[in-house]
Amino acid sequence: MTDRVAGKIAIVTGASRGVGLADAKLLSREGATVIMTDINAEPGRQAALEIGGNARFVSQDVSDEAGWQALIAMVEKEYGRLDILVNNAAILQLADIKAETLEGWRRVQAVNSDGIFLAIKYALPLMERSGGGSIVNMSSSSALCGMPAIPAYSAAKAAVRGLTQSVAVYCHKAGNKVRCNTIHPDGIATPMMMEIADKGLVVNGDKAEQAASYVCMPEDVANTVLFLVSDESCHINGAAICLDNSATITPPYL
Ligand SMILES: NC(=O)c1ccc[n+]([C@@H]2O[C@H](COP(=O)([O-])OP(=O)(O)OC[C@H]3O[C@@H](n4cnc5c(N)ncnc54)[C@H](O)[C@@H]3O)[C@@H](O)[C@H]2O)c1
């Protein structure tokens, strides 16, 4: 442990499994108090117990506005501050533009896009009162290039990118010492990826074996999150960090 986020108070959403769980473990190991949230409560509670004293689990649906208000009020009351917000929770469903329904589209926007809007809307004032902070929003390579199997998901992830830029510039102009950045992985070896791989998703028009070369581990994402929420990245605000081994800039004929 090198205490890269020692003493900081962090919220990580979608922390019951996958990347969110890896984020929570690493931030906790590096000295932060981590409030882990998820709709999937039992594994989240168990994971927080295993992580130990500086982690706790709170059941939360990120698309619920009242839930965000209650969570931020609780954090302020019990910890007095908020330094780190990792907006990680998301859902993914396979449906191309003809197959997608309005209901399905809205469900994805509600969790993946509205959820991050609500998080920042209610967390930012507390971060400002805390003297600054770092917000990391999980986007995706699908925000940066076309993925025909997941239009609702990629639209939501592009909205997250646009929101992030606006918040970053807002914070810069406000001089509130809050930073806001996005991470854009291509594939990550998590339950989400395995579920769609099982359904035979072809990533970026490539065969599954080729796509495997873009896939990173949840811990690789967590290391990037740690850097972005630590003071080491104090001048990085509004950035889009691609974790894709060049996938989003590889011409299709190569
Ligand atoms: N896995 C990939 O290949 C990949 C690629 C690019 C980006 N991402 C992004 O990385 C992040 C983490 O993905 P993952 O692969 O770990 O996913 P995952 O499905 O393994 O984990 C997501 C977690 O979010 C929780 N969640 C879902 N809906 C929620 C809600 N309404 N409120 C609160 N929690 C909710 C789930 O219960 C789950 O624990 C997501 O934002 C995802 O879009 C993943």
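**Helix packing and ring contacts**

Visitor: Is the crossing in which α4 passes α5 left-handed or right-handed?
Guide: Helices here are DSSP runs of H or I with at least four residues, numbered from the N terminus. A crossing is left-handed if the near helix is turned anticlockwise from the far one by less than a right angle, and right-handed if clockwise. By that rule, the crossing of α4 past α5 is right-handed.

Visitor: On what basis are such values given?
Guide: Residues are numbered from 1 along each chain as its sequence is written, and side-chain values use heavy atoms, without hydrogens or water. Local features need pLDDT of at least 70, side-chain atom pairs count only at pLDDT 80 or more, and totals for chains, interfaces and linings use all residues, the basis being a predicted model.

Visitor: At what angle do α4 and α5 pack?
Guide: Axes are lines fitted to C-alpha atoms over the stretch in contact, and angles run from 0 to 180 degrees between N-to-C directions. Angles under 35 degrees count as roughly parallel, over 145 as roughly antiparallel, 65 to 115 as roughly perpendicular and the rest as oblique; α4 and α5 are therefore roughly parallel. Their axes lie 8 Å apart, and the angle between α4 and α5 (residues 151-174) is about 15 degrees.

Visitor: Which helix packs with α3 at an angle of about 25 degrees?
Guide: Helix α3 spans residues 65-79, and its axis is 9 Å from that of its partner, residues 102-129. The two helices are therefore roughly parallel, and their crossing is right-handed. Contact means heavy atoms within 4.5 Å, and among the residues making it are Trp68 and Ile72 of α3, with Leu118 and Tyr122 on the partner helix, α4.

Visitor: Is α1 oblique or roughly parallel to α8?
Guide: Helix α1 (residues 18-29) and helix α8 (residues 218-229) pack at about 50 degrees, with their axes 8 Å apart. That angle makes α1, relative to α8, oblique.

Visitor: How many nonpolar residues does the contact of α1 with α8 have?
Guide: The contact includes Val19 and Leu26 of α1 and Val221 and Leu226 of α8. Ala, Val, Leu, Ile, Met, Phe, Trp, Tyr, Cys and Pro count as nonpolar, Asp, Glu, Lys and Arg as charged, and the others, Gly among them, as polar. Besides two polar and two charged residues, the nonpolar ones number ten.

Visitor: Over the ring of which residue does the charged end of lysine 121 sit?
Guide: A charge sits over a ring if NZ of Lys or CZ of Arg is within 6 Å of the ring centre and within 35 degrees of the ring normal. The charged end of lysine 121 is 5.5 Å from the centre of the ring of tyrosine 122.
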